[in-house]
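Subject: Structure handover

Hi there,

Here is the structure I promised to pass on to you. Have a look at it first, and then read on for my notes.

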Amino acid sequence: MPVEYLMWAPFMVLSLILYVTLAAAALFSLASSSWVPVSSRRAWMVGVVLFPVLGAVLWFAVSHRRTAALPAEDDQVA
């Protein structure tokens, strides 16, 4: 193996770590979101598993828009 390939090794390791972390964070966020119906949650999980980067980015965009529209718990009157 030529030495030039070793130059890319840190980049590949960092990319793999970011790839796995992004997908794991999206799956954890999906599992803990109670506002998503179970059937939709399963579809989102399949999308994140099949397309980790695109699925995770789309999930975070949708969930951010949804949670930004919800009122804060401090604002609710009992």
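Let me start with a serine: Ser33 is buried, as its relative accessible area is 7%, under the 20% cut-off. Ser33 sits in the loop that joins H2 and H3. Apart from neighbours within four places in sequence, Ser33 is in contact with Arg41 and Trp59. Please keep in mind that this is a predicted model.

Now a step back to the whole chain. There are 4 helices and 0 strands, giving the pattern α-α-α-α along the sequence. Of the 78 residues in the chain, 17% are buried. Among contacts with a separation of 6 or more, 52% are between residues 24 or more positions apart.

As for confidence, the average pLDDT of the chain is 85, and 83% of the residues reach at least 70. Helix H1 (residues 3-6) has the lowest mean pLDDT among the elements, at 80, while H2 has the highest, at 93.

Next, the packing of H2 and H3. Two packed helices are described by the angle between their axes and the distance between the axes. For H2 and H3 the angle is about 175° and the axes are 10 Å apart. That angle is over 145 degrees, so H2 is roughly antiparallel to H3. On the H2 side, the residues that meet H3 are Ala23, Ala26, Leu27, Leu30 and Ala31. Their counterparts in H3 are Arg41, Trp44, Met45, Val48 and Val49. Sorted by class, this contact has 9 nonpolar residues, 1 charged residue and no polar ones.

Another residue of helix H2 to look at is Leu22. Leu22 is partly exposed, with a relative accessibility of 26%. Leaving aside neighbours within four places in sequence, Leu22 is in contact with Pro52, Val53, Ala56, Val57 and Phe60. Leu22 and Pro52 are 30 residues apart along the chain, yet their C-alpha atoms are separated by 7.4 Å.

Finally, the aromatic rings. A pair of aromatic rings is described by the distance of the centres and the angle of the planes. How many aromatic pairs are there? With ring centres within 6.5 Å as the rule, the count is 3. In one of them, Trp8 and Phe11, the centres are 6.0 Å apart and the planes stand at 75°, so this pair is edge-to-face. Trp8 is partly exposed at a relative accessible area of 48%, and Phe11 is partly exposed with a value of 48%.

The rings of Trp35 and Trp59 have centres 5.8 Å apart and planes at 10°, so they are stacked. Trp35 belongs to the loop between helix H2 (9-32) and helix H3 (38-50), whereas Trp59 belongs to helix H4 (residues 52-69), so this pair ties together parts that are 24 residues apart in sequence. Are these two tryptophans buried or exposed? Trp35 is partly exposed, at 29% relative accessibility, while Trp59 is buried, at 1%. Ring pairs also bring in Trp44, so that Trp35, Trp44 and Trp59 form a cluster.

Best wishes

Key: Residues are numbered from 1 along each chain as its sequence is written. This is a predicted model: local features need pLDDT of at least 70, side-chain atom pairs count only at pLDDT 80 or more; totals for chains, interfaces and linings use all residues. Side-chain values use heavy atoms; hydrogens and water are left out. Rings of Phe, Tyr and Trp (its six-membered ring) pair if their centres lie within 6.5 Å; planes under 30 degrees apart count as stacked, over 60 as edge-to-face and the rest as tilted. Buried means under 20% relative accessible area, exposed over 50%, partly exposed in between (1.4 Å probe, protein chains only). Helices (H or I, at least four residues) and strands (E, at least two) are DSSP runs, numbered from the N terminus. Axes are lines fitted to C-alpha atoms, for helices over the stretch in contact, and angles run from 0 to 180 degrees between N-to-C directions. Angles under 35 degrees count as roughly parallel, over 145 as roughly antiparallel, 65 to 115 as roughly perpendicular and the rest as oblique. Contact means heavy atoms within 4.5 Å. Ala, Val, Leu, Ile, Met, Phe, Trp, Tyr, Cys and Pro count as nonpolar, Asp, Glu, Lys and Arg as charged, and the others, Gly among them, as polar. pLDDT is the predictor's confidence in each residue, from 0 to 100.
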